[in-house]
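Open the structure in a viewer and keep the selection tool at hand. The tour moves from one selection to the next.

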Amino acid sequence: MVDFYSPLESMGLPLLRLLDAETAHRLTIQALRAGIVPPPAPAPLERLAVRAFGLRFPSPVGLAAGFDKDAEVPRAMLRVGFGFVEVGTITPKPQAGNPRPRIFRLTQDRAVINRLGFNNKGLEAARARLTALRNDGARAPGGIVAVNIGANRDAADPVQDYATCIRALAPLADLLVLNISSPNTPGLRDLQVGARLDALLAATMAARTQSGATPPVLVKIAPDLTEDEVGTIVDAAISGGAAGLIVGNTTVGLRDALRGPHRNEKGGLSGRPLMARSTEVLAQVYRAAGGRLTLVGTGGVSSGADAYAKIRAGATLVELYTALVYEGTALLARIHAELAELLARDGFSSIAAAIGADHQR
Ligand SMILES: Cc1cc2nc3c(=O)[nH]c(=O)nc-3n(C[C@H](O)[C@H](O)[C@H](O)COP(=O)(O)O)c2cc1C
C-alpha cells in the first residue's frame with residue numbers, strides 16, 4: 001500500500017500519492033515484479049550484522065508482514081536494504097478480504113489504519129512463488145525470508161489452517177511466523193489465550209515434523225495485551241517450543257492520540273503512534289522471557305533511534321512497514337547510519353551487545 005513516496009517516487013512517479021492507498025500499493029508491487037526497483041542499497045556495516053535463530057542477518061531491520069502478502073517481491077525488498085523480509089499473511093485458501101476502502105492513510109499522524117482481513121492468493125500460489133524463489137538461487141547469503149501464516153476467515157478449526165500452511169510452507173521458510181494477532185479476522189486473537197496457544201503450538205510442532213523441515217517458529221502477538229496476558233503467552237511460547245515472539249501487530253487502541261480524519265475507521269493502527277506502546281509490551285515480554293526467547297520489535301519504527309530503542313528494550317531484530325509508506329526505501333540507509341552512530345555513541349561494538357541494555361541499568 002505504499003503511498004508512494006518510494007520505491008516508485010524515487011523513480012519519478014509521485015502521482016501515486018494521489019491514488020487510493022491500496023491501488024498505489026498494487027502498482028508498486030507490479031512495478032517491483034516487473035524489475036523496476038530502486039538502486040540496491042549499500043551493504044550495511046559489519047557492526048549491524050546480527051546472529052539469531054541460527055542465521056546471520058546482514059541488518060537487524062526487516063520488512064514486516066503485509067507489504068508482500070503473496071511472496072511476490074521478496075528479492076526486490078532484500079535488494080533495497082532490508083536485512084530480512086517477512087511475507088504473508090498466507091491462509092490455506094485464497095480470500096478476498098474485506099470490502100474496499102480498507103486501508104487509510106493518516107498522513108498527519110504518520111500512521112495507517114487497515115482492515116484488509118487477510119486478502120491473499122492462498123497457500124498454493126505462495127508455495128509456487130517460494131519454490132521458484134528457492135530454485136532461482138534468490139536466497140543468496142543473507143536473503144532471509146520469514147513466512148507468516150494465518151487462518152481463513154471461515155475456518156471451521158483455525159488451528160488446522162495453521163497446520164495445513166506449515167505442512168506446505170515449512171520447507172520453504174527460513175522462519176515461520178504464526179500470526180495470531182490480526183484484529184481483522186474475528187476470533188483470531190483469541191488464539192493468544194494460554195490454553196489455545198498451547199494447542200496451536202502443539203499442532204504447529206506436529207505439522208512441522210510432518211513437513212520434514214525445522215524452521216524456527218515465532219509467534220506474532222498484539223500490542224493490546226495486559227502484562228498478565230503477556231506473562232501467560234511467554235510461558236506458553238517457551239513450553240510449546242517457539243523460538244521467538246514478534247511484538248507486535250497493529251493496535252485496536254490509541255485512537256485518542258490521532259488527528260487524521262480517518263482516525264475512527266475500524267481496523268488496526270500502525271506507524272508512529274504505535275512506537276511507544278509496542279516498545280513497552282516488548283520490554284514486558286523481554287523481562288518475562290528472561291533470555292529464553294528471541295524477540296522481534298515491530299511497531300512504529302521510522303528512524304535509527306526507534307530501532308535502537310526496540311533493541312535496548314530487548315529486541316534482537318526489528319521490522320517496519322508503515323514508515324516505508326511515508327519515507328520510501330531511502331529510509332533504510334538512514335536507519336542503518338543512525339543505528340551505527342548510536343551504537344558507537346554508547347560504546348557498543350555490535351547490535352548483540354546492546355540487546356536489552358535498558359534492563360541492565
Ligand atoms: C496495510 C497493512 C497490512 C498488514 N498486513 C499484515 C498481515 O497480513 N500480517 C501481519 O502479521 N501483519 C500485517 N500488518 C502489520 C505489520 O506487519 C506490523 O506488525 C504493523 O504494521 C506495525 O509495524 P509498523 O508500525 O512499522 O507498520 C499489516 C500492516 C499494514 C499497515
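Predicted model: local features only at pLDDT ≥ 70, side-chain atom pairs only at ≥ 80, totals over all residues.

**The barrel.** Start by selecting strands S3, S4, S7, S8, S9, S10, S12 and S13. In that order, the eight strands form a closed barrel with parallel pairing. On average, neighbouring strands of this sheet are turned by 25° against each other, direction ignored.

**Strands S8 and S9.** Next, select residues 175-179, which make up S8, and residues 217-221, which make up S9. The two strands run parallel and are joined by four bridges. To look at one pairing, pick Leu178, whose bridge partner in S9 is Val219.

**Leu169.** Move to helix H4, residues 158-169, and select Leu169. Is Leu169 buried or exposed? Leu169 has a relative accessible area of 0%, so this residue counts as buried. Show its contacts beyond four places in sequence: Ile90, Leu123, Arg127, Leu130, Val147 and Ile149. For a distance check, select Ala31 as well: its C-alpha atom is separated from that of Leu169 by 26 Å, and the two residues are 138 apart along the chain.

**The ligand.** Finally, select the ligand and its surroundings. It is surrounded by 25 residues, and the closest are Ala65, Thr89, Gly271, Gly300 and Thr322. Which side-chain contacts can be displayed here?

- Thr322: a side-chain N or O atom is 2.6 Å from a ligand oxygen atom.
- Asn179: a side-chain N or O atom is 3.0 Å from a ligand oxygen atom.

At Tyr321, a polar backbone atom is 3.0 Å from an oxygen atom of the ligand. On its own the ligand has 600 Å² of accessible area, and the protein covers 98% of that.

Definitions and conventions: Residues numbered from 1 in each chain as written. Heavy atoms only, no water. Pairing = 2+ DSSP bridges. Axes fitted to C-alpha atoms, helices over the stretch in contact; angles between N-to-C directions. Buried < 20%, exposed > 50% of the residue type's maximum accessible area, 1.4 Å probe, protein only. Contact = heavy atoms within 4.5 Å. Near = heavy atom within 4 Å. Polar contact = N/O pair within 3.5 Å; in protein donor to acceptor, adjacent residues only side chain to side chain. Areas by Shrake-Rupley, 256 points an atom, 1.4 Å probe, with all protein chains shown as cover.
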